[in-house]
Every structure is written in structure tokens, then in C-alpha cells.
Amino acid sequence: MSENSRPSGVPEYGPHQVNPEWPPPPAHAPAAPGHRRQRGPAKLLVAVAIVAAAVGGTTAYGVQELTGGTSAGVTASSAGGTDVVPASLKGTVAGVAKAVGPSIVEIKAASSSGSATGSGVIVTEDGEVVTNNHVVAGASRIQVRTNDGKSYSARVVGTDSSKDLALIKLEDASGLKAATLGDSDGVRVGDQVVAIGSPEGLTGTVTSGIVSALDRDVTVSTDESQRQQQRGGGWPFEFGGQEFNGDTGGSTTTYKAIQTDASLNPGNSGGALIDMNGDIIGINSAMYAPTGAESSTAGSVGLGFAIPVNTLKADLPDLRAGAGS
């Protein structure tokens with residue numbers, strides 16, 4: 001497990017204390033987008049859901065994310081700062097962690113080809129949950145566990161394989177704490193961010209870092225059958241003109257991702273990347289791992305990728321209308 005990972009007992013820091021593990025703010029303002037330098041090709045990219053074969057052991061996974069209450073069926077959205085994080089903990093990882101937990105769920109999806117585990121973010125009080133398409137693609141049965149330990153059956157409402165997004169709905173849910181969706185257009189290189197989840201079943205793990213780049217081209221397979229072909233259950237990706245973690249197949253899609261050095265590990269798919277106001281700025285979807293590392297055991301080396309939240313917000317009406325389902 002990454003040294004940046006913290007279980008749910010993460011210590012709370014006061015408004016004037018600094019966690020020595022946090023990265024310092026950038027010394028200079030980020031360069032204009034047209035002058036941003038590109039990194040070299042990644043060696044291996046893996047989806048951060050865990051996929052288990054139909055015959056074999058099971059693996060638990062989940063990610064937790066942010067809060068900001070809404071009425072049933074209405075998604076909380078913010079174009080600027082919010083009051084998600086308590087005033088006494090503003091600007092702290094502990095504050096974001098405290099605010100985020102109730103809005104994140106663990107997802108277990110079963111299909112004829114196997115099972116997948118991942119995370120989701122609650123977006124309405126009556127149980128709408130956003131996750132990655134590759135977490136629930138082809139699922140015949142979905143079970144969801146909320147932060148307070150309650151379990152729900154869920155159904156797929158809509159999917160968008162071209163953006164690796166999906167919307168599911170919990171059955172007979174009410175009074176849940178919905179997340180607040182921020183504005184990814186305002187994200188800057190060097191901004192501090194937080195990811196919360198349950199990599200490898202370690203519920204409530206908190207990691208932090210910065211936004212290390214914007215507009216990275218990440219290519220994923222849109223074919224759910226690809227999952228059963230990958231060693232270790234990884235989801236195939238392309239990045240930097242090279243193919244990693246298996247064959248992406250003939251059907252792929254590319255999206256512009258937020259890159260972060262907040263530690264992501266297998267089990268973080270479908271969770272959120274969060275700013276220090278407690279607003280979601282991205283949906284975690286992929287991670288970089290060293291050459292030769294198996295996707296199911298590879299640890300984070302500080303290169304994670306998230307789908308910008310504005311992509312999600314633009315897609316929500318179609319997902320609610322049943323797109324792709």
C-alpha cells in the first residue's frame with residue numbers, strides 16, 4: 001500500500017497545522033496550456049477497479065468521496081467554493097476526509113464472465129450513484145454498500161462507454177448524503193487534491209497530492225469482454241501512443257484526463273478526485289504502474305488519471321435518460 005494511503009482513522013490537522021506528507025504549493029504559476037510540457041509514455045496503465053475471474057477468489061474494493069446535501073433527484077453542483085468542509089477544518093485533508101465519507105459507496109458487480117468491484121459517488125439523496133462504465137459493464141447483479149454499512153441492490157440507469165461513465169440507482173434508498181460536483185474548468189496544475197477510497201479492501205484510505213497535469217489523452221477499451229482476457233483482472237489502456245495492461249481491442253475511446261500524484265491503487269475506480277473545498281473535480285479511472293507489475297498487485301507510483309467532473313455533469317442528462325443501457 002502506498003505510503004500516502006491513510007485508513008479512516010486519518011489524524012485531523014488544525015487550520016494552522018501542516019501535514020508533512022503534503023506536497024508544497026508550486027513555486028511559480030503554472031505555464032499556459034499551450035506551453036505545458038508533456039511527459040514521456042507511461043510504462044503501464046491499469047484501471048483502478050478490481051476484476052475477479054468467475055472461478056476464483058473474490059476481492060473487496062471501494063472508494064469514498066465528497067458531500068454536500070441535495071434533495072432527491074437533484075444533483076448538487078458548484079461553480080465555485082462551497083461549505084462542504086467544516087470551517088474549522090477548511091483547507092485540510094482531514095476536513096475533506098470527514099466531509100467525503102458519507103457520499104461514497106462500494107460497488108460489487110457480477111456478470112457471466114466474472115465479477116468487478118469498484119466505487120461510486122452518490123449524487124442524489126434518493127440513491128443515484130456515478131461510477132466508471134468499466135466497473136458495471138455487462139453486470140447482471142449489482143450490490144452497493146454505503147459508508148454506514150447498509151447494503152442495497154442497484155440497477156444500471158445509463159452508461160456511456162465513450163466517456164467511461166455510468167449511472168446506477170439504489171433500490172429503496174432515501175436520505176443519503178449527496179456529493180457536490182465542482183468545476184473542473186477551474187482546476188490548475190499545482191492545486192492540492194484528495195482521493196479517498198478502499199484500495200484492496202482497505203476501507204476509508206485517504207491519499208493526497210496535487211494536480212500534476214491537465215488534458216492528458218487516455219484511451220480505454222469500450223468492450224466489456226476485454227476484462228476477462230486480462231491477467232490480474234486489469235482493464236486495458238493506451239497512453240502516450242503505447243498500449244498497456246493488455247490489448248485494448250478494436251473498440252476504444254479517448255478522453256482528456258486530469259493527472260494527479262495522489263496515490264491511486266487497484267480498487268479506486270469510480271471514486272472521486274476532490275479539491276480542498278470538498279468539491280468533486282474528477283472521477284478516478286486509471287493508474288500508472290511500473291513495467292512488469294501485475295495490475296492486481298501494482299502499487300501507485302504517483303501517476304493517476306481522472307475524468308474531469310464537467311464531462312460528467314454534461315453527460316448526466318443522457319445517463320438519466322438511459323443512454324447505452
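User: Happy to dig in! How do you know which parts of the model can be trusted for such labels?

Analyst: The model is predicted, and local features need pLDDT of at least 70, side-chain atom pairs count only at pLDDT 80 or more, while totals for chains, interfaces and linings use all residues. Residues are numbered from 1 along each chain as its sequence is written, and side-chain values use heavy atoms, with hydrogens and water left out.

User: Why is Gly324 called exposed?

Analyst: Exposed means over 50% relative accessible area, buried under 20%, and partly exposed in between, with a 1.4 Å probe and protein chains only. Gly324 has 69% relative accessibility, so Gly324 counts as exposed. Gly324 sits in the segment after α3 (309-320), and its C-alpha atom is 6.0 Å from that of Asp160, 164 residues apart along the chain.

User: What makes β5 a largely enclosed strand?

Analyst: A strand is a DSSP run of E with at least two residues, a helix a run of H or I with at least four, and both are numbered from the N terminus. Strand β5 covers residues 104-111, and six of its eight residues are buried, so β5 is largely enclosed by the rest of the structure. For the whole chain, 55% of the 325 residues are buried, and the chain has three helices and 19 strands.

User: How do you know that β5 pairs with β6 and with β8?

Analyst: Two strands pair if DSSP finds at least two bridges between them. Eight bridges join β5 to the antiparallel β6 (residues 114-122), and five bridges link β5 to β8 (residues 141-145), also antiparallel. Both pairs therefore meet the cut-off of at least two. Ile104 faces Val121 in β6, while Lys108 has Gln143 of β8 as its bridge partner. A hairpin is formed by β5 and β6, with two residues between them.

User: What makes a group of residues a nonpolar core?

Analyst: The members must be buried Ala, Val, Leu, Ile, Met, Phe, Trp, Tyr or Cys residues, joined through side-chain atoms within 4.5 Å. The largest such core has 36 residues, and Ile280, Ile283 and Leu312 have the most contacts inside it. Helix α1 (residues 93-100) gives the most to this core, with five residues. A second, separate core has 17 residues, including Ile142, Tyr152, Ile168 and Leu176.
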